[in-house]
Amino acid sequence: MSEIYCAITVKESTGAILGIRTPGPDLPAEGVDDELDTRMIYLTESNLPEEECKDWMYFHSNYWFDTTKLIFVKVGLPPNEYATWNGSAWSWDAKLLEADIRRLRTGRLIGTDWTQISDNSLTEEQRAEARTYRQALRDFMPNIGSPTNIDDVDWPELPSFLK
């Protein structure tokens, strides 16, 4: 038998890599656990997709298991934290991404609430600039386009005195 580099747990229904562990005396047997929807696979010289896969972080980030062909497939990094590999392409629920963008937008609004009370050290001009910024945040969601991740979002410019 070939040397076992590691044991990989994958989600049987999707092929997502759930965990990687080094071999040891308590190494679970290879096979499918229908109750947990998992599969244990030993990675050896015979099924190592590429030499870089010995870097477990790289392997975990860039590969999924094709449960029909029973091979590891390089799919690259997902476009966002909501993405799953569907066997041929990345897919995700854009509504989950939109909900996170909305949550961040709300946090920015809450973080500037204090600018609108009269009992602060802001000038009237700064208070007006903060009001304009806050209105831009409120008008923001219908105009975000189709981002694939939060980093793609073009947020309204925060007034310099709030940075």
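How many bridges join strand 3 to strand 4, and in which sense do the two strands run? Select both and look. They are joined by 3 bridges and run antiparallel.

Before moving on, a word on the model. It is predicted, so local features need pLDDT of at least 70, side-chain atom pairs count only at pLDDT 80 or more, and totals for chains, interfaces and linings use all residues. Residues are numbered from 1 along each chain as its sequence is written, and side-chain values use heavy atoms, with hydrogens and water left out.

Strands here are DSSP runs of E, at least two residues long, and helices are runs of H or I, at least four residues long; both are numbered from the N terminus. Two strands pair if DSSP finds at least two bridges between them.

**Stop 1**

In general, strands of a sheet pair through backbone hydrogen bonds, either parallel or antiparallel.

**Stop 2: strand 4**

Select residues 38–44. This is strand 4, and it pairs with strand 1 (residues 4–11) in the antiparallel sense over 7 bridges. Pick out two of the partners. C6 is bridged to L43 in strand 4, and K11 is bridged to T38 in strand 4.

Is strand 4 mostly covered or mostly open? It is mostly covered, with 7 of its 7 residues buried. Buried means under 20% relative accessible area, exposed means over 50%, and partly exposed lies in between (1.4 Å probe, protein chains only). Side chains in a regular strand alternate between the two faces of the sheet. Both faces of strand 4 are covered. T38, M40, Y42 and T44 are buried on one side, and R39, I41 and L43 on the other.

Click T44, which lies in strand 4. T44 counts as buried because its relative accessibility is 7%. Draw a C-alpha to C-alpha distance from T44 to C6: they are 7.5 Å apart in space and 38 residues apart in sequence.

**Stop 3: two turns of the backbone**

Go to the hairpin of strand 3 and strand 4, which has 4 residues between the strands. D37 sits in the loop between these two strands. Its phi is positive, about 55°, although D37 is not a glycine. Most residues other than glycine have a negative phi, and most peptide bonds are trans. D37 counts as partly exposed because its relative accessibility is 22%.

Next, select L70, in the loop between strand 5 and strand 6. L70 is not a glycine, and its phi is also positive, near 60°. L70 is partly exposed, at 47% relative accessibility.

**Stop 4: the aromatic rings**

Show the rings. The structure holds 7 aromatic pairs. Rings of Phe, Tyr and Trp (its six-membered ring) pair if their centres lie within 6.5 Å; planes under 30 degrees apart count as stacked, over 60 as edge-to-face and the rest as tilted.

Y58 and Y63 make an edge-to-face pair, 6.5 Å centre to centre with 65° between the planes. Y58 is partly exposed at 21% relative accessibility, while Y63 is buried at 3%.

F59 and F72 are also edge-to-face, 5.0 Å centre to centre with 65° between the planes. This pair links distant parts of the chain: F59 is in helix 1 (residues 56–62) and F72 in strand 6 (residues 71–74), 13 residues apart. F59 and F72 are both buried.

Now widen the selection. Ring pairs link Y58, F59, Y63, F65 and F72 into a cluster.

**Stop 5: a charge over a ring**

Zoom to W155. R108 lies over its face, 3.9 Å from the ring centre. A charge sits over a ring if NZ of Lys or CZ of Arg is within 6 Å of the ring centre and within 35 degrees of the ring normal.

**Stop 6: the largest pocket**

Finish at F65, D66, T67, W85 and G87. Of the 13 residues lining the largest pocket, these lie nearest its centre. A pocket is an open set of points on a 1 Å grid over the protein atoms alone, where a 1.4 Å probe fits, with protein on both sides within 12 Å along at least five of seven lines; lining residues have an atom within 4 Å of a point.

The largest pocket holds about 150 Å³ of space. Grid points are joined across faces, edges and corners, and the volume is the space filled by probe spheres set on them. Which strand gives the largest share of the lining? Strand 5 (residues 63–66) does, with 3 residues.
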